[in-house]
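This report describes selected local features of one protein model. Please look over the sequence and the structure before reading on.

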Amino acid sequence: MKRTQAWDKTFARSAKVDHQKVTFKNRYGITLAGDLYLPKDRAGRKLAALAVSGPFGAVKEQSSGLYAQTMAERGYVTLAFDPSFTGESGGEPRNVPSPEIDTEDFSAAVDFLGLQAFVDRARIGLIGICGFGGMALNAAAPDKRIKAVVTTSMYDMSRVMAKGYYDRLTREQRGQLLERMSQQRWADAERGTPAAGPRILPETLEGVTDPVARMYFDYYRTPRGFHERSPNSNGAWTATGAMPFMNMPLLTYVDEISPRPILLIAGENAHSRYFSEDAYEAAAEPKELLIIKNADHVDLYDRPDKIPFDKIAEFFGKNLR
């Protein structure tokens, strides 16, 4: 993929950190693109590091980059990266979601961070936002190098695709969705390339009454968070993208993150709050659930008055000592 060196983030550049574009490969040989943020006052010390990604369908120039830059201001080496098949990362065809590869990308980011001379590889944590909150938890369960995990506005993408919001998808509806995607594979095979599904978000709000869709639109489709490379801002997933998620539950082994700590953060008014609450119940100690008053799901993408950066810094400060 062509990569730009220009500052094209949805947030202002900080004078307190150094920034550089980097690339690294995952175990499938896909080249991932990332933004590495370094505290200016690092003075040759080995520092704790954080890999950051999400939301699902976003790019590193959006929410994950804001989190990474802010945590670098607080003394961490941070890496915000585009998942495989999206943004400036490699992988063909484009905009393919994968529970396995998306999870692997976090471990590949840990690989990269641990090879840097200025990183203490015994002190690496993850931040996963929205759908990549679930990927972060899934990555941490088997990858014991990951010492602590924070999620914000976490989605379990396998659960929501397999069962619908609030688990309301019936068995018959699930079968119909899988039948449609199964037949789509014949069409894709005949054509030689996978078809795109419907736009993730509409181009305008005309006729849109769903409050969740309107909330996402307010971030991804307005100057607040729009980015041309973000599938959520400007595109669609492949038409068969949900199929593997419907068959591979992500959080089966979330309890095996223990004894490494997790902090799950959700907005009080977020439609997705139940994902964090249920993950908290399934996880083993040490664990913490933080509900942010008067916040919705998207508030935790970019609102500095809502995102509890002090709490996140305190959590990693304690657990990546």
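Is arginine 123 buried or exposed? Arginine 123 counts as buried, because its relative accessibility is 19% and buried means under 20% relative accessible area, exposed over 50% and partly exposed in between, with a 1.4 Å probe and protein chains only.

The model is predicted, so local features need pLDDT of at least 70 and side-chain atom pairs count only at pLDDT 80 or more, while totals for chains, interfaces and linings use all residues. Residues are numbered from 1 along each chain as its sequence is written, and side-chain values use heavy atoms, with hydrogens and water left out.

**Arginine 123**

Arginine 123 belongs to strand 5, residues 119-129. Helices (H or I, at least four residues) and strands (E, at least two) are DSSP runs, numbered from the N terminus. From arginine 123, the side chain reaches the backbone oxygen of lysine 46 at 3.1 Å. Contact means heavy atoms within 4.5 Å. With neighbours within four places in sequence left aside, arginine 123 is in contact with Lys46, Leu47, Ala48, Ala49, Leu320 and Arg321.

**Two helix pairs**

Axes are lines fitted to C-alpha atoms, for helices over the stretch in contact, and angles run from 0 to 180 degrees between N-to-C directions. Helix 2 (residues 99-114) and helix 3 have axes that come within 8 Å and cross at roughly 70°. Helix 2 is therefore roughly perpendicular to helix 3, a term for angles of 65 to 115 degrees; under 35 counts as roughly parallel, over 145 as roughly antiparallel and the rest as oblique. The crossing of helix 2 and helix 3 is right-handed. A crossing is right-handed if the near helix is turned clockwise from the far one by less than a right angle, and left-handed if anticlockwise.

On the helix 2 side, the residues are Pro99, Asp102, Thr103, Phe106 and Ser107, and they meet Phe132, Met135, Ala136, Asn138 and Ala139 in helix 3. The residues of this contact of helix 2 with helix 3 divide into six nonpolar, three polar and one charged. Here Ala, Val, Leu, Ile, Met, Phe, Trp, Tyr, Cys and Pro count as nonpolar, Asp, Glu, Lys and Arg as charged, and the others, Gly among them, as polar.

Helix 1 (residues 63-73) packs with helix 10 (residues 309-319) at an angle of about 60°, and their axes are 11 Å apart. Helix 1 contributes Tyr67, Thr70 and Met71 to the contact, and helix 10 contributes Phe309, Ile312, Ala313 and Phe316. The residues of the contact of helix 1 with helix 10 comprise six nonpolar, one polar and no charged. The crossing of helix 1 and helix 10 is right-handed.

**Covered helices**

Helix 3 (residues 131-140) is mostly covered, with nine of its ten residues buried. Among them are Gly131, Phe132, Met135 and Ala140.

Why is helix 6 (residues 211-220) described as largely enclosed by the rest of the structure? Seven of the ten residues of helix 6 are buried, so helix 6 is largely enclosed. The buried residues of helix 6 are Val212, Ala213, Met215, Tyr216, Phe217, Tyr219 and Tyr220. Their cover includes helix 1, helix 7 (231-234) and helix 9 (299-302).

**Backbone features in loops**

Most residues other than glycine have a negative phi, and most peptide bonds are trans.

| Site | Feature | Loop |
|---|---|---|
| Glycine 54 to proline 55 | cis, omega near 0° | Proline 55: between strand 3 (47-53) and helix 1 |
| Glutamate 285 to proline 286 | cis, omega near 0° | Proline 286: between helix 8 (273-282) and strand 8 (287-292) |

Tyrosine 166 is partly exposed, with a relative accessible area of 40%. Aspartate 167 is also partly exposed, at 33%.

**Methionine 161**

Methionine 161 is a residue of helix 4 and counts as buried at 18% relative accessibility. Which residues does methionine 161 contact, leaving aside its neighbours within four places in sequence? Methionine 161 is in contact with Phe56, Leu169, Ala242, Phe245 and Met246. Along the chain, methionine 161 and glycine 54 are 107 residues apart, and their C-alpha atoms are separated by 17 Å.

Conventions: Polar contact = N/O pair within 3.5 Å; in protein donor to acceptor, adjacent residues only side chain to side chain.
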